[in-house]
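Biologist: I would like to learn how to read a model like this one, feature by feature. Could we take the general idea of each feature and then turn to the case at hand?

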Amino acid sequence: TYVEEEQWDAAYAAFEAVAARWSASPRAPAALLRAGIVVQEQARNRPKARAFYQRVISEYANSEERPAATRRLAQVR
């Protein structure tokens, strides 16, 4: 909903909260990846985007989101 309403700060905060609260959930890496995408593309906060992508890579190394996080991390360096 926050993304659709273009409330970018609230959107990435909500994605981050999902990952924090349900870190063992299979949806956690997707939430972090989406947070990074929102921060990178809408808020233009490259350091924060890198941090989200790095978390996906390090905390969810076996997730399906890892390749996308790795690609996106390379884009924001």
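This is a predicted model: local features need pLDDT of at least 70, side-chain atom pairs count only at pLDDT 80 or more; totals for chains, interfaces and linings use all residues.

Biologist: Which residues of helix 4 are buried?

Modeller: In helix 4, which covers residues 66–75, the buried residues are A68, A69, R72 and L73. They lie on the same side of helix 4, because the arc that they cover around the axis is only 135°.

Biologist: What is the general idea behind such a pattern?

Modeller: An α-helix has 3.6 residues a turn, so residues three or four places apart point the same way.

Biologist: How many helices and strands does the chain have?

Modeller: There are four helices and zero strands in the chain, and the order of the elements from the N terminus on is therefore simply written α-α-α-α.

Biologist: What radius of gyration would a compact globule of 77 residues have, and what is the value for the chain?

Modeller: A compact globule with 77 residues would have a radius of gyration near 11 Å, and the chain agrees with this at 11 Å. The C-alpha trace spans about 30 × 30 × 15 Å along its principal axes, and buried residues make up 35% of the 77 residues. If we take the contacts with a separation of 6 or more, 42% of them are between residues 24 or more positions apart.

Biologist: How should I read a backbone angle such as phi?

Modeller: Most residues other than glycine have a negative phi. In this chain, E6 has a phi near 60°, which is a positive value in a residue other than glycine. E6 is placed in the segment before helix 1 (8–21), and with a relative accessible area of 56% E6 is exposed.

Biologist: Where does S23 lie, and which residues does S23 touch, leaving out those up to four places away in sequence?

Modeller: S23 lies in the loop between helix 1 and helix 2 (28–43), and, with residues up to four places away in sequence not counted, S23 touches V18, A28 and Y60. Its relative accessibility is 41%, so S23 counts as partly exposed. The C-alpha atoms of S23 and V38 are separated by 19 Å, and these residues are 15 residues apart along the chain.

Biologist: What does the surface of the chain consist of, and how far apart are the mean positions of the charges?

Modeller: The chain exposes about 4,900 Å², of which carbon and sulfur atoms supply 47%. The mean positions of the 12 positive and 9 negative charges are 8 Å apart.

How values were computed
Residues are numbered from 1 along each chain as its sequence is written. Side-chain values use heavy atoms; hydrogens and water are left out. Helices (H or I, at least four residues) and strands (E, at least two) are DSSP runs, numbered from the N terminus. The radius of gyration is taken over C-alpha atoms; the globule rule is 2.2 Å times the number of residues to the power 0.38. Buried means under 20% relative accessible area, exposed over 50%, partly exposed in between (1.4 Å probe, protein chains only). Contact means heavy atoms within 4.5 Å. Accessible areas come from the Shrake-Rupley method with a 1.4 Å probe; for residues, only the protein chains shown count as cover. Lys and Arg count as positive and Asp and Glu as negative; His and the chain ends are not counted. The place of a charge is taken as NZ of Lys, CZ of Arg, CG of Asp or CD of Glu. The arc is that of the directions from the helix axis to the C-beta atoms.
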